[in-house]
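Please open the model in your viewer and keep the selection panel at hand.

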Amino acid sequence: MPVPRTEFIWMNGEYVKWENAKVHVLSHVLHYGSGWFEGIRCYDTKRGPAIFRLKEHIKRLENSVKIYHAELPYSQKQICDETVELVRKNKLASCYIRPLAYRGLGEMGVNPLGCPMELIIAAWEWGRYLGKEALEEGVDVCVSSWNHLTPNTMPSISKASSNYMNSQLVRLEAVRHGYSEGISLDSYGNLSEGSGENVFLVADGTLITPPAGASLLPGITRDTVIQLAHDLKIPVKEQTIPRAMLYVADEVFMTGTAVEMTPVRSVDRLTVGSGKTGPITTKLMKAFFSVIQDGKDPHGWLTFINSGKKTTSVSKSAKKKTGKK
Ligand SMILES: Cc1ncc(COP(=O)(O)O)c(C=O)c1O
């Protein structure tokens with residue numbers, strides 16, 4: 001589905017009209033992949049529209065950039081405030097938010113230091129990433145023939161645009177073979193993550209997920225599910241997961257901002273458990289949806305759009321950070 005048009009995109013300190021949000025063709029990011037982004041959701045909860053774990057996403061963006069010896073051109077607080085303002089200005093309630101930092105037009109060549117760091121924030125309405133039925137019925141996935149990034153090639157904890165070339169190979173292969181999604185293994189053949197989501201399985205009542213050392217992006221939804229499991233007294237283990245454990249797990253599900261919590265009903269055409277969403281997945285999904293639908297927020301994960309508190313606009317009151325990075 002093409003990206004639905006909204007009125008404004010925030011670009012380097014200004015709200016610009018959708019059609020004017022443009023970059024130069026010689027921008028460093030287009031040639032060398034030097035971009036970093038976030039995917040965030042705003043939910044139309046029963047208590048009003050609220051952005052889910054906004055601060056954690058912006059903190060991760062800052063870390064993603066730092067790994068590449070760069071710095072965001074605006075503070076975390078400024079970016080959070082502008083994100084809230086953008087959702088308001090576009091009169092959105094339930095939407096997907098995409099902040100993207102990138103190296104712009106400057107010098108050509110691999111060394112990026114002569115190129116300015118730029119930042120945009122866009123938001124648009126976006127439904128279910130893996131289709132309408134995915135959450136109720138679960139999805140069919142495969143283990144990809146493509147391995148995930150190895151730790152000393154591309155750091156997977158940085159959500160860098162260039163990492164998604166690997167994800168594209170995984171996703172293209174999965175779709176070509178009739179699966180909804182592909183899961184990749186790390187360079188040791190153990191479970192890493194999906195092309196755009198983390199993976200959990202349940203075995204003998206314990207929730208198990210691979211550790212950050214398995215070349216994955218430590219997802220904010222992954223962290224959310226772990227915290228909810230603690231609340232519900234479900235035992236959680238982060239451990240190396242050999243591929244075959246996926247085939248014998250009682251339950252498997254994926255987490256991510258785009259897929260939210262999506263049950264997996266088969267892996268490589270082997271049915272997971274009974275083929276229906278299992279009891280632990282169901283419990284966790286209920287807890288997750290009570291936050292994002294009902295707006296029940298004991299952990300302080302929601303930033304309400306209409307909290308009555310006016311946010312300041314960077315373009316009017318706050319200056320771009322001056323750093324040469
Ligand atoms: C490769 C990859 N892994 C995991 C995730 C899940 O991360 P989060 O829950 O923070 O969206 C994403 C989505 O952002 C992703 O692209």
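A nonpolar core is understood here as a set of buried Ala, Val, Leu, Ile, Met, Phe, Trp, Tyr and Cys residues that are joined through side-chain atoms within 4.5 Å. The model on display is predicted.

Begin by selecting I51, V87 and I97: in the largest nonpolar core, which has 29 residues, these three touch the most other members. Next, colour the elements that each give two or more residues to this core, namely β1 (8-11), β4 (40-45), α2 (54-66), α3 (76-89), β6 (95-103) and β7 (117-124). Helix α3 provides the largest share, 5 residues.

Now centre the view on I51. Leaving aside residues up to four places away in sequence, its contacts include I40, R41 and C42, T83, V84 and V87, and also W301, L302, T303 and I305.

Select L284, which is found in helix α8 (residues 279-292). Is L284 buried or exposed? L284 counts as buried, because its relative accessibility is 0%. Beyond four places in sequence, L284 touches L207, V225, L228, A229, L232, I234, F253 and M261.

Finally, colour the chain by pLDDT. The chain mean is 93, and 94% of the residues reach 70 or more. Select residues 310-318, over which pLDDT stays under 50. Where pLDDT is low, the predicted coordinates should not be read in detail.

Conventions
Residues are numbered from 1 along each chain as its sequence is written. This is a predicted model: local features need pLDDT of at least 70, side-chain atom pairs count only at pLDDT 80 or more; totals for chains, interfaces and linings use all residues. Side-chain values use heavy atoms; hydrogens and water are left out. Buried means under 20% relative accessible area, exposed over 50%, partly exposed in between (1.4 Å probe, protein chains only). Helices (H or I, at least four residues) and strands (E, at least two) are DSSP runs, numbered from the N terminus. Contact means heavy atoms within 4.5 Å. pLDDT is the predictor's confidence in each residue, from 0 to 100.
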